[in-house]
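Biologist: Please show me how to read the features of a model like this one. I will ask about them in turn.

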Amino acid sequence: MDFNFMSASIPLYIKAAKMTLDLAVWGILSSLIIGFICALIGYYKIKILDKIVRIYIELSRNTPLLIQLFFLYYGLAKLGIKLEAYTCAILGLAFLGGSYMSEAFRAGLEAVSKIQIESGLSIGLTRWQLTRYIILPQAFAVAVPALGANAIFLLKETSVVSAIALADLMFVAKDLIGMYYKTTEALVLLVLAYLILLLPISIFLTYIERRVRHAGVGN
Amino acid sequence: MQAWGISVLFEGQNLFRLVDGLSVSIRIAAVSIAFSAVFGILLGVLMTSRYRLIRYICRFYLEAIRIIPTLVWLFLFYFSLTKILHFHLSAEFASDIVFSLWGTAEMGDLVRGAITSMPKHQMDSGFAIGLTKLQVYRYIVIPQALRRLIPSAINLATRMIKTTSLVVLIGVVEVLKVGQQIIEVSILKTPTASFWVYGCIFFLYFIICYPVSLFSKKLETKWQQ
């Protein structure tokens with residue numbers, strides 16, 4: 001292995017890692033928001049909207065991100081909707097992640113036992129107070145491990161965006177292989193970069209998961 | 001012009017070619033699902049082993065596979081491993097290996113979950129009424145574990161089908177590649193071809209995965225009693 005080459009390439013990887021993280025952060029944040037809204041719509045069975053949410057979730061969960069990105073980036077462009085690759089990537093991640101986050105929130109909401117809700121109503125809480133003080137805190141605690149797993153999943157999924165020419169980690173590795181034929185060096189650095197990004201998050205989540213394991217109340 | 005763009009799908013053998021391309025992804029998925037089912041069960045049983053060392057090794061395998069994106073694994077096997085070991089792997093065969101390894105890890109974790117989530121009193125009761133160890137597994141543990149396992153295993157299968165779309169990035173000619181070829185041929189005649197072709201591929205995946213996930217959800221609610 002050519003260590004000089006590797007150390008010379010590190011700055012490229014740092015720059016690319018920033019791109020990967022940038023996409024992941026925006027993708028995760030927007031999918032959390034989408035997921036939260038969709039889960040509430042489904043939970044309270046708001047008319048018509050819940051049908052739309054259902055369709056969205058099934059479409060998003062049963063198609064691969066790569067195809068979604070190709071459709072957004074290359075397909076829509078021909079209809080006059082020209083989006084930047086960066087926007088497409090975040091839209092794609094949000095579209096994909098939104099449904100996963102929604103299912104996680106939904107499971108949390110459904111884990112709140114009926115007794116909790118009835119007790120809340122019987123002490124005279126309004127619908128809003130009930131949601132704010134009883135349902136959401138418990139649902140959130142139950143949902144945290146799944147939300148975290150989804151976040152890691154989305155961070156890993158960003159590796160696909162190089163296919164629409166975004167300069168993320170995968171893209172840099174491919175570039176180095178193409179230009180210098182330093183396959184092993186480029187890929188070892190790639191693996192290290194992903195490990196540095198993902199390991200701390202994964203360990204942190206294991207810790208969080210242990211803390212919220214006893215989140216369920218009144219069961 | 002735009003209204004007629006969809007005709008690109010029905011020109012010549014285009015639709016047939018797309019489905020043919022999809023069958024390549026499905027073939028890779030089928031091979032790796034079959035391997036993962038067998039080795040995943042083995043791995044899952046090993047993960048509940050009494051010996052700490054075996055458990056640690058299995059755990060390490062699982063976490064190592066999981067923490068690295070599948071696309072990176074594909075690159076490692078197709079580009080790097082072949083270069084180090086000086087032999088050639090076809091892109092499709094490399095995909096088979098990577099998806100089998102990945103599926104085995106995920107399936108192993110599901111199997112482990114299904115076994116460990118079994119209440120301990122189930123086995124104890126079995127022994128108490130005088131069943132042998134084999135009988136306890138045959139009549140008590142395995143039937144219950146299967147009910148927990150099968151819905152999530154089917155879910156994993158749809159995930160694997162979706163993820164095989166990545167193989168185009170190491171040069172397997174599958175549905176996306178065929179789509180690109182069709183678009184390139186018809187780009188002058190039908191400028192909107194990419195919209196229709198990629199849209200079609202999107203729905204092809206949906207048509208395959210949706211019934212499967214629906215089936216898994218049905219089993220889950222049915223067996224949750």
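Biologist: Which residues of chain A does the UniProt annotation "transmembrane region" cover?

Modeller: UniProt positions are given in the numbering used here, feature names are shortened, and annotations may be inferred rather than shown by experiment. In this case the unreviewed entry lists residues 23-44, 133-153 and 187-208 of chain A. Helices are DSSP runs (H or I, at least four residues), and strands are runs of E (at least two), numbered from the N terminus. Residues 133-153 of chain A are 100% helix, with end C-alpha atoms 30 Å apart; for residues 187-208 of chain A the span is also 100% helix and the distance is 31 Å.

This is a predicted model: local features need pLDDT of at least 70, side-chain atom pairs count only at pLDDT 80 or more, and totals for chains, interfaces and linings use all residues. Residues are numbered from 1 along each chain as its sequence is written, with chains lettered from A and ligands numbered from 1 in the order in which they are written.

Biologist: How many residues of chain B are in contact with chain A?

Modeller: Two residues are in contact if their C-beta atoms, placed from the backbone, lie within 7 Å. Here 31 residues of chain B contact 31 residues of chain A. Helices H3 (70-85), H6 (133-163) and H8 (193-223) of chain B each supply at least two residues of that side of chain B. H8(B) gives the largest share, eleven residues.

Biologist: Which residues outside its sequence neighbourhood does Leu69(A) contact?

Modeller: Leaving aside neighbours within four places in sequence, Leu69(A) is in contact with residues including Cys88(A), Gly92(A) and Ile164(A).
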